[in-house]
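I opened my notebook for a first look at this structure. Here is what I looked up, entry by entry.

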Amino acid sequence: MGLGDSVVSQARLIPRWWVAIVVTMLFLATLVGLVITLVANGALAWSGASMLVAFAALLVAAVSALVRPRRRREPEVAVDGTRIFRAPMLTVVGLLVAWLMLLATAALWAYLALTDFAALESPGFSLVTIVAALASLPDVLRLVTGRLHRWTLELGPETLTYRGYRADVTVRCRDIRGAAIQQRNPAGVRIDLRASADDIVVPITAFAVPAEQLVEEIHRARKAASAR
């Protein structure tokens with residue numbers, strides 16, 4: 001696919017069958033957490049409650065990111081004319097709550113592993129969860145120091161800035177060769193940069209507007225900067 005000024009006609013980038021599988025699995029996991037919370041006692045009930053909240057939050061984030069209709073919307077516009085696209089709060093808050101609750105679940109299971117190992121219903125799954133929580137601790141540090149970002153695309157008079165999770169990239173609009181829709185890995189918009197700079201990939205699941213609109217906005221910002 002070329003990265004010129006043409007915009008690909010609107011197509012569904014996230015297959016419906018994949019959306020259905022993800023939403024169904026998260027819904028069932030939420031029900032499991034609810035059942036554990038209602039029928040279990042002690043630490044198992046607490047872990048069930050945290051899993052319930054975590055999977056319910058993930059379900060909200062998945063519906064926001066995958067099911068929400070993507071319609072053309074006017075972005076936020078700053079005083080200097082910068083056009084700002086941000087990830088929906090439901091997506092961001094849902095993922096954040098799910099992550100924090102899974103950390104709480106891992107902490108509880110780690111405590112049980114040290115004090116009452118027999119209380120763990122599934123030691124193998126518990127160990128995997130604990131290891132995953134430990135691996136995410138660097139991102140906790142990034143979160144509290146402001147280096148973990150809400151997905152945002154800013155198109156200014158002279159520069160383009162993309163922030164998303166760990167990414168924080170600012171480039172001159174004149175250094176953009178073009179932009180095009182990327183179908184997979186991840187589905188979204190690929191921004192082609194001049195010279196040897198790595199391309200920027202903006203995942204469409206993080207935004208509430210169609211990929212076509214982002215491509216058009218990027219082309220418009222590049223042309224406006226080149227005309228100056």
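What span does helix H3 reach from its first C-alpha to its last? I found that H3, residues 89-115, has 27 residues and reaches 39 Å, close to the 39 Å expected at 1.5 Å a residue. The expected span is 1.5 Å times one less than the number of residues.

I noted the ground rules next. This is a predicted model, where local features need pLDDT of at least 70, side-chain atom pairs count only at pLDDT 80 or more, and totals for chains, interfaces and linings use all residues. Residues are numbered from 1 along each chain as its sequence is written, and side-chain values use heavy atoms, with hydrogens and water left out. Helices (H or I, at least four residues) and strands (E, at least two) are DSSP runs, numbered from the N terminus.

Back to H3: I listed its buried residues (under 20% relative accessible area, 1.4 Å probe, protein chains only). Among them are Trp99, Leu103, Trp109 and Leu112. Their cover includes helix H2 (42-67), helix H4 (123-135), helix H5 (137-144) and strand S3.

Then I followed S3 into its sheet, an open one of five strands in the order S1-S2-S3-S4-S5, with antiparallel pairing (at least two DSSP bridges between two strands). S1 (76-77) and S5 (167-172) stand at the edges with a single partner strand each, so one side of each has no neighbour in the sheet.

S3 (149-155) and S4 (159-165) pair over five bridges, and His149 stands opposite Tyr165. Six bridges join S4 to S5, with Thr159 opposite Arg172. My last entry is the hairpin from S4 to S5, made through one residue.

Key
Buried < 20%, exposed > 50% of the residue type's maximum accessible area, 1.4 Å probe, protein only. Contact = heavy atoms within 4.5 Å.
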